[in-house]
Amino acid sequence: MAKKQTAGRDNLGEFAPKFAELNDDVLFGEVWSREDKLSLRDRSMITVASLLTQGVPQLDAHMKIAKQNGVTKDEMVELITHLAFYAGWPKAWSAFALAKEIYGE
């Protein structure tokens with residue numbers, strides 16, 4: 001089971017309290033906690049793939065979470081290589097730079 005998410009409240013609690021609640025309690029509290037449907041590892045792979053295709057900055061945090069959830073360096077490299085053909089070469093290059101930082105190489 002994942003630890004309780006507080007990033008929404010920590011970063012947006014006073015500014016956008018409903019969004020913070022939805023982030024922490026619904027997205028992470030309810031959806032991510034359904035480990036009987038999809039493992040945290042699988043959810044991380046799916047989330048990283050989606051964020052990579054969008055080219056958004058949240059990829060960094062979710063790639064770190066993916067590593068914590070058991071996604072190996074080799075799996076991350078394969079995921080990025082595969083998506084390069086679907087999401088675009090520049091997005092893959094950017095993702096590899098993050099992966100090298102996160103996986104310590």
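A residue is called buried here when its relative accessible area is under 20%, exposed when that area is over 50%, and partly exposed in between, with a 1.4 Å probe and protein chains only. The views below show a predicted model, in which local features need pLDDT of at least 70 and side-chain atom pairs count only at pLDDT 80 or more, while totals for chains, interfaces and linings use all residues. Residues are numbered from 1 along each chain as its sequence is written, and side-chain values use heavy atoms, with hydrogens and water left out.

**View 1. The aromatic pairs.** Rings of Phe, Tyr and Trp (its six-membered ring) pair if their centres lie within 6.5 Å, and planes under 30 degrees apart count as stacked, over 60 as edge-to-face and the rest as tilted. By this rule there are 2 aromatic pairs. Phe-28 and Trp-32 form a stacked pair, 5.6 Å centre to centre with 20° between the planes; Phe-28 is buried at a relative accessible area of 16%, and Trp-32 is buried at 7%. The rings of Phe-85 and Trp-89 have their centres 5.5 Å apart and their planes at 80°, so this pair is edge-to-face. Phe-85 is exposed, with a relative accessible area of 62%.

**View 2. Helix α2 and its bend.** Helices (H or I, at least four residues) and strands (E, at least two) are DSSP runs, numbered from the N terminus. Helix α2, residues 17-31, bends by about 25° at Asn-23, where the bend is the angle between axes fitted to the seven residues ending at a residue and the seven starting there. Asn-23 is itself one of the buried residues of α2, together with Ala-20, Asp-24 and Phe-28. These buried residues pack against α1 (7-12) and α4 (58-68), contact meaning heavy atoms within 4.5 Å.

**View 3. The surroundings of Thr-47.** Thr-47 belongs to helix α3, residues 40-54, and is buried, with a relative accessible area of 19%. Leaving aside neighbours within four places in sequence, Thr-47 is in contact with Trp-32 and His-62. The C-alpha atoms of Thr-47 and Met-63, which are 16 residues apart along the chain, are separated by 8.7 Å.
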